[in-house]
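Look at the structure below before reading on. Keep it open as you go through each section.

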2 protein chains.
Amino acid sequence: MSDPVRIGIIGHGKIARDAHIPAIRGAADFALSAICDRSGPGEPDVPLFRTPAAMFAAGAVDAVAICTPAPPRYAIARDAIAAGVAVLLEKPPCATLGEVEQLVALAQERSVPLFAAWHTQYHPVIDAAAALVRREGLAHVEVRWEEDVRKWHPGQDWIWRAGGFGVLDPGINAFAVLTKLLGAPIVESGRFEIPAGAETPVKAVLHLSAGDAGIDAVFDWTVTEQDRWTIAVDTLAGSALLLDLGDGSLRIDGERAPVTADYGTEYDGIYRHFSTLLREGRSSVEITPLRMVADAMLVVERSTSLWTIA
Amino acid sequence: MSDPVRIGIIGHGKIARDAHIPAIRGAADFALSAICDRSGPGEPDVPLFRTPAAMFAAGAVDAVAICTPAPPRYAIARDAIAAGVAVLLEKPPCATLGEVEQLVALAQERSVPLFAAWHTQYHPVIDAAAALVRREGLAHVEVRWEEDVRKWHPGQDWIWRAGGFGVLDPGINAFAVLTKLLGAPIVESGRFEIPAGAETPVKAVLHLSAGDAGIDAVFDWTVTEQDRWTIAVDTLAGSALLLDLGDGSLRIDGERAPVTADYGTEYDGIYRHFSTLLREGRSSVEITPLRMVADAMLVVERSTSLWTIA
């Protein structure tokens, strides 16, 4: 058996601690070899660097998972690839489509594996749902993505600034599911509600389509009573699917299908796939969910929300 | 010599009358065979249809140029391809990137030529400038796109609505030039000024980059004194290029280069290329300028302009 891949985490925030590090510690193929964070305390027994440049210069890692907010990811990934370090990008891969294109070109030029990971695509219920949709045909889809921004993004100011995605930061996870389920839906129209002083929406209502089927989607960060991450699919054959990423269940005509998984399962799947890519020296970059956000930005009407950030 | 291609115009507005129809009437390869417009009088001696469906059902055309505003183009092009009619799309090809992707897939599936035309890319000064930039390397670019919206877009309400592009409707022409000159620039940051009651900017200030070179771009629809469509390029070897798409000139270190062309030349070039594509049964779809607009939408700060539409 070959040595585990020495992997570093860049950006030691909530998503790194909650999802990436447990998945890495649980994977025999990887060894957590370095943390890079501007200011935090890092992890016990893991070397800590303050800049990606210092981490690369020390030769401390074979691969990195970039878990910063989206805006700085491009420059960090570019420097990693230049240093010959393989890159896993947390979703969304970059702040813009142009940046992703450039990274793909660089990774190819340098033969360095690049992986743009969409965690919800690794949820086991999706494969089962996708198979049913392929078999029965698509009639209509309803997406409800409701959560409390104060609970899930405490103190994260970047989500409201230019280059942040607002409620489409979690919302892009639904786009990743739709992409795996239905191919590449078209964004037709929609509405953003943007809080005073913010650049990004706290609520987005979008109308999409996939072939002849319509998709109605609501993304709402103002819901405090109960989180909801559901995708309801009606097939042409009359089946009603309900994917609930909250409890990890898939219901078909109200009956619970025998497949379930929690949040952690998704990141375990991501690291299994990253290991395969590294072994085979390949890249895997899916850009469609980010393209859907960019397209939404092109077509929506914007209005000011009565909800306030503070 | 083979018979000329029977071409129809869909959307008999300003751009069709000013640019497409003169180019078609001047091209031996094409015969203007039909006009489709919901309400206008059409052209003398050319059959007039009120809907694309009626035009296709009559078997009146082998190809169409779609010259409507961007939002309805996708559905029209999809129906044209389904009818086996080749499609030329005025810029921007569609309202969203997802729509363009779908059309590319459909055109390939049906073996119907699809051409997304960017008229400024057919301006003869661009080839000369691109050759110099390749030879000398890029140091810095400054884009100034200034015009009077009331003069160039009289009564065109769609430019201000969701799905319109505002000042990036002419601005995307500069992106098309940059794409041909520099590859695929990255949009880094910027600012939109949006009039009260509008969804789209009347002024946009953007910072882009191409490799290590910076690109500063200003798009301003509030300038009434004098139109300006210029791209100034400083090369690493010290040359200063000024592309002026207003007078069709290229100046190098202040000296006028012996290459010039007017607006009409661009559309003549478009139809020469469309003829080649039709003869060879090929498609040609450049998506980068639209991707740059979508990326700008992702990163800009938005503020309300004091300028008013009415």
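This report covers the model, the interface, salt bridges, helix packing and the backbone.

## The model

This is a predicted model, in which local features need pLDDT of at least 70, side-chain atom pairs count only at pLDDT 80 or more, and totals for chains, interfaces and linings use all residues. Residues are numbered from 1 along each chain as its sequence is written, chains are lettered from A and ligands numbered from 1 in the order in which they are written, and side-chain values use heavy atoms, with hydrogens and water left out.

## Where the chains meet

Chain A gives 27 residues to the contact, and chain B gives 27 residues. Contact means heavy atoms within 4.5 Å. The two chains bury about 2,300 Å² between them, 60% of it on carbon and sulfur atoms. Buried area is the accessible area (1.4 Å probe) that two parts lose on being put together, summed over both.

Chain B and chain A have 10 residue pairs in polar contact, both residues at pLDDT 80 or more. A polar contact is a pair of N or O atoms within 3.5 Å; within protein, one must be able to donate a hydrogen and the other to accept it, and residues adjacent in sequence count only if both atoms are side-chain atoms. On the side of chain B that touches chain A, the elements giving two or more residues are α4 (97-110), β8 (186-195), α9 (288-299) and β16 (301-305) of chain B. Helices (H or I, at least four residues) and strands (E, at least two) are DSSP runs, numbered from the N terminus. The largest share, eight residues, comes from α9(B). By class, this side of chain B has 15 nonpolar, five polar and seven charged residues. Ala, Val, Leu, Ile, Met, Phe, Trp, Tyr, Cys and Pro count as nonpolar, Asp, Glu, Lys and Arg as charged, and the others, Gly among them, as polar.

## Salt bridges

Side chains of opposite charge can pair when their charged atoms come close. A salt bridge is a side-chain nitrogen of Lys or Arg within 4 Å of a carboxyl oxygen of Asp or Glu. The whole structure has 36 salt bridges over all chains. Two salt bridges cross the interface of chain B and chain A. A:Arg291 and B:Glu101 form a salt bridge through their side chains (3.5 Å, N to O).

Another salt bridge joins the side chains of A:Asp169 and A:Lys91 (3.7 Å, N to O). This pair links distant parts of the chain, 78 residues apart. A:Asp169 is in helix α7 (residues 168-182) of chain A, and A:Lys91 is in the loop between β5 (86-89) and α4 (97-110) of chain A.

## Helix packing

How do α5(B) and α7(B) lie to each other? Their axes come within 8 Å and cross at roughly 45°, so the helices are oblique to each other. Axes are lines fitted to C-alpha atoms, for helices over the stretch in contact, and angles run from 0 to 180 degrees between N-to-C directions. Angles under 35 degrees count as roughly parallel, over 145 as roughly antiparallel, 65 to 115 as roughly perpendicular and the rest as oblique. The residues of this contact of α5(B) with α7(B) divide into seven nonpolar, no polar and two charged.

## Backbone details

A cis peptide bond joins A:Lys91 and A:Pro92, with omega about -15°. In chain B, a cis peptide bond joins B:Lys91 and B:Pro92, with omega about -15°. A:Asp45 is not a glycine, yet has a positive phi of about 65°.
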